Amino acid sequence: MLYATLKLVHVLSIIVWIGGMVFAHFFLRPAALSLEPPQRVRLMHDVLQRFFAAVSVAVVVVLGSGLWMIGRVAKQTVQAGGSFAMPLDWTIMAALGLVMMALFGHIRFALFKRLRRAVAASDWAAGGKALGSIRTMVAVNLALGVVIVVVTLLI
């Protein structure tokens, strides 16, 4: 029951993360382009601030639950006298997941910091540039997330 609960929390956290990236990238951003730069940059800052707080929690949950599930299967295998070898799809999921977490850290703690400073200074050009960098990195992270889902479901 604990394994199933952790797997559920793991998947729900991933849904929040990937779903939020899809929403921001394909729906919010294009709609916000109709706004003037001060309103657009402020709106995106406020939305991303909330989203990044949720993703920060999701990252901790995904990492903790993923490590626990791998550890539990490894422990059970060894206790049964077997030798644990992580399946290929788990290995790909874990490796790309760690890359996604590192990219999110860069987005959250470097690129978003630039956006926050630009909004505080009412420097809309710098804010637009920071949003462009965030958008590029979010697109990379979204692509990695989709690859993980595909690999996990098809391998």
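S122 sits in the loop between α3 and α4. The model is predicted, so local features are reported only at pLDDT of at least 70 and side-chain atom pairs only at pLDDT 80 or more, while totals for chains, interfaces and linings use all residues. Numbering runs from 1 along each chain as its sequence is written, and side-chain values rest on heavy atoms, without hydrogens and water. S122 is not a glycine, yet its phi is positive, about 55°. Most residues other than glycine have a negative phi. At 39% relative accessibility, S122 is partly exposed. Here buried means under 20% relative accessible area, exposed means over 50%, and partly exposed lies in between (1.4 Å probe, protein chains only). A positive phi also follows α2, where G81 takes a value of about 90°.

The protein chain has 4 helices and 0 strands. Its elements run α-α-α-α from the N terminus on. Helices (H or I, at least four residues) and strands (E, at least two) are DSSP runs, numbered from the N terminus. The C-alpha atoms fill a box of roughly 65 × 25 × 25 Å along the principal axes. Of the 155 residues in the chain, 33% are buried. Contact means heavy atoms within 4.5 Å. Among contacts with a separation of 6 or more, 76% join residues 24 or more positions apart.

Two helices were compared with their expected span, which is 1.5 Å times one less than the number of residues. α2 has 43 residues and should span 63 Å; its end C-alpha atoms are 60 Å apart, which agrees. α3 covers residues 88–120 and has 33 residues. From first C-alpha to last, α3 reaches 46 Å, close to the expected 48 Å. α3 also carries a kink of about 35°, centred on F112. The bend at a residue is the angle between axes fitted to the seven residues ending there and the seven starting there.

The largest nonpolar core contains 32 residues. Such a core is a set of buried Ala, Val, Leu, Ile, Met, Phe, Trp, Tyr and Cys residues joined through side-chain atoms within 4.5 Å. W17, M21, L48, F52, I107, L115 and I134 touch the most other members. At least two residues of this core come from each of α1 (2–32), α2 (37–79), α3 and α4 (124–154). α3 gives the largest share, 10 residues. I107 illustrates the packing. Beyond its neighbours within four places in sequence, I107 is in contact with F52, F112, I134, M137, V138 and N141.

A search of the whole structure finds 1 cavity of 30 Å³ or more. About 50 Å³ of space lies in this largest cavity. On a 1 Å grid over the protein atoms alone, a cavity is a set of points where a 1.4 Å probe fits but cannot get out; a pocket is an open set with protein on both sides within 12 Å along at least five of seven lines; lining residues have an atom within 4 Å of a point. Grid points are joined across faces, edges and corners, and a volume is the space filled by probe spheres set on the points. The lining of the largest cavity consists of W17, M21, F51, F52, V55, F104, I107, V138 and N141. α2 gives the most, with 3 residues.

The largest pocket has a volume of about 720 Å³. It is lined by 26 residues, of which H10, I14, M93, I148 and T152 are the closest to its centre. α1, α2, α3 and α4 each give two or more residues to this lining. The largest share, 8 residues, comes from α1.

Two further residues were examined individually. H25 lies in helix α1. H25 counts as buried because its relative accessibility is 17%. Leaving out residues up to four places away in sequence, H25 touches P30, R135 and A139. G128 belongs to helix α4. With a relative accessible area of 36%, G128 is partly exposed. G128 and A110 are 18 residues apart along the chain, and their C-alpha atoms are separated by 15 Å.
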